[in-house]
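Got the viewer open and the whole chain on screen? Let's take a walk through it, one selection at a time.

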Amino acid sequence: MLNDLKTYYTQILPTLMKTKMNQGLGALLLLWLLGLATATGQTLNKPTPAANPNLGSTTPWTSACGSENFNEYYVEFTWGPPLVASTNEFILELSNANGSFANPIELDRVSDKNTEFDFLFSFNLPTDTRGDGYKFRVRSTNPEKTSEVSDAFSMYYIDYNSPILISKDGNGTIPPSGTIDVCTGAQVTLAAHNVPNADNYIYSWYRSGTKLSSTGPSITVSESGLYFVEMDYGANCSGSANTISNSIEVNINAPQGIAINTPTKTTLCSDDTITLQANNTGNGYTYTWYKDGSIVQPAAVEGATLSVSGSTAGFEGDYQVEVEGDGICLERSAAVTIQSAGSFTVSLDNPTNLVLLPSKTETLTVSTDASTPSYQWYKNGTAISGATNATITVSEVGDYHVTVTETGGTCSSVTKTSETTTVVFPQDFAITIDYLNTYEACISTSVELTVASITATDANGNQIDVTDNLKNEFTYQWKKDNTTVIGASGATLSLVNASENGTYSLTATLDTFTVNTIELPVVLNSGENIAISSDGNVLCDGVIITISTDYDLTGKTYEWYLNNTKLDITTASITATEVGNYQLRVITNGCPIISNEVVITAFDESIVQLDTDSNLVFPEGESKVVNASGADSYAWFDETNNNISTSSSITLSEEGTYILLASSGNCQISRTVTVSYRDNFDIPNVVTANGDGANDLWVIPNTYSRQANVTVTIYNENGEEVLNQRDYQNNWPSSSLQFSKKNQLFYYKIQEGNKTLRQGTITVIR
């Protein structure tokens, strides 16, 4: 570092260094530089805009408007000594649009400017740069420092620079007249429809030349005026982007009172047709007709009428008309409800699939809300003679349906057909069983098993779900592990104890049919709790921790775990030899029961603290109080192992080595305090390293030596560091062989942190 400083000052003080300095002048300069470096450290100044050297400009930029066609900018950066390391890199960083460096963006990085104190960074704007509060800073990597933050700048990357197109709701259709009429009290939304990723930009909306507060890609308005929009690229960049949109004039007009003229009738028979007529029939108006909110007749000029026929399926509903045109606002009428005079419902009361057992019958039934209905049943499409009631009893397979005719009311007869019921003879049945409620093996403590489905197979191999129809017709018998469960003869079986764990199946019988289900396993948790405990929780040398349980493990299968890893231990109690989480798992009724966790931690020696350094130096005749904390008990011993105190504090006045034994729980830790009387001699400036055993080493007072927070640094006359040591042990130089001259000059500095305590010269004489 001193060589770097020497080089630097050679550059800024050329007249001083034109001639070769003598040794004394060099020493004084080095000492001066050393003191200056310590006092100041590197200074990283805030970066500032610079002119673009590639454009021949001499004027720094004030705002940045980058684009695909131009995106090259420079900032100037200056810094001060001492020099950085040769491996250092300077990094130019950009804030977000609000000036925050929480997630800085790296713009440029250089590694060849470590001896240049004034240079330029080059950068390109990121394509998402948009805002007026961007700032710069520069970081160095060795040493790690950060410059002042720059002023705020307006910076925008212009990636969209075409005219914006706006339309109603962004539907892409610009009004031919450029005008949209809105009813008083209503609103209309204008939106850009040709900007990719429109939400990524900031916009400026205007009404009749006045800028509005909206900044998104759309705006909802309820005032008359001429509206347009442009991209907001800041005060200095927006004009060059050419994004001003087309204009749309919004006119606020009073509603016309659009309505549908009262029709001749609103309840239609199948042979009725009516015409709905809008009450407003202005020239050139456009009409759109709706039924239940959906368009049934698209917008058409002069389309002020709509024909509704009672013969059209689904004609019933609420009808509205919407009108728009020049000079009037877009307006939709209130609804007119059209109904069917012959409206009634027919619903099938039995399942649509029925299984007919031999020598049995089934009853089919329909319901209707027709006022005076008549019925006719059909089998396989052929009317059944005499089957003219709401119910019919069948004893043959086939497809059955009924027609219901409304014989009263204002319309001539209206007929509706029911759903079809398929009646089959079964060839076989299949029954599945399942868990009725939520079940998890070895977690649930109870469960219900039930018949989940019954499927009949007919002669053609068709499968029919007959669960609802036949579930209560079967008789049942539950089995556990292929053994009959006494009294378990219902469609549902409740299990509430782990002693009932096993594999369950069901045999079901109906007439001549016997069905056996697949097996279903049941493994319930016994609900038992296993507790483990320990006679300690902190592990240290000499301490034995035993983990055990009161649960009777006789005849049981069990496993010990440490941090979810099985231990190779088969005893009822264990000795903890490692820190971690211990658990016991016992297998009972086929399920593992997991105990609580016992957490064993390592003893933290750092909990015992002294309020002084371990090496105390004070004048003879004085004393020092040492306070210990963090333990349960304390014992102080002198050099002859005499217990001199059991308090947390002790007053020391004599030289020597003192030992503290501090106990926390079952663990013990020692601390050593050394007392030395302060040396009264000054720092020597001459060492006679001739190996005669006298003054061979540079010995400094114990105020500075053997101090963990004091750093001793020694430089040779060329400014090269030969020693840099904390807790200096008075052991330099290690040998006289390291000196090339008989008399050699060195420089020293003694520091505590960044504070210089002493500095001077050392002459080594061989």
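Start by selecting D181, which you'll find in strand β13 (residues 179-183). Strands here are DSSP runs of E with at least two residues, helices are runs of H or I with at least four, and both are numbered from the N terminus. Keep in mind that this is a predicted model, where local features need pLDDT of at least 70 and side-chain atom pairs count only at pLDDT 80 or more, while totals for chains, interfaces and linings use all residues. Residues are numbered from 1 along each chain as its sequence is written, and side-chain values use heavy atoms, with hydrogens and water left out.

Is D181 buried or exposed? At 14% relative accessibility, D181 counts as buried. (Buried means under 20% relative accessible area, exposed means over 50%, and partly exposed is in between, using a 1.4 Å probe and protein chains only.) Now show what surrounds D181: leaving aside residues up to four places away in sequence, D181 touches N251, N253, G325, D326, G327, I328, C329 and L330. A contact means heavy atoms within 4.5 Å.

Next stop, a sheet. Select β12, β14 and β17, which form an open sheet in that order, with antiparallel pairing. Two strands pair if DSSP finds at least two bridges between them. The edges are β12 (166-168) and β17 (218-221); each has a single partner strand, so one side of each is left without a neighbour in the sheet. On average, neighbouring strands of this sheet are turned by 25° against each other, direction ignored. (The axes are lines fitted to C-alpha atoms, for helices over the stretch in contact, and angles run from 0 to 180 degrees between N-to-C directions.) Zoom in on β12 and β14 (residues 188-192), which are joined by three bridges. Click I166 and look across to A192, its bridge partner in β14.

Now for the rings. How many aromatic pairs does a search of the whole structure find? It finds 26. Rings of Phe, Tyr and Trp (its six-membered ring) pair if their centres lie within 6.5 Å; planes under 30 degrees apart count as stacked, over 60 as edge-to-face and the rest as tilted. Select W61 and F136: their ring centres are 6.1 Å apart and their planes are at 70°, so this pair is edge-to-face. W61 lies in the loop between β2 (48-50) and β3 (64-67), and F136 in strand β9 (residues 136-141), so the pair ties together parts 75 residues apart in sequence. W61 is buried at 11% relative accessible area, and F136 is buried at 1%.

Then pick F90 and F119, a tilted pair with 5.7 Å centre to centre and 50° between the planes. F90 is in strand β5 (residues 90-94) and F119 in strand β7 (residues 118-123), 29 residues apart. Both F90 and F119 are buried. To see a cluster, select W61, F70, Y73, F123, F136 and F153 together.

Finally, zoom out. The protein has four helices and 67 strands. Its C-alpha trace spans about 140 × 90 × 45 Å along the principal axes, and buried residues make up 42% of its 766 residues.
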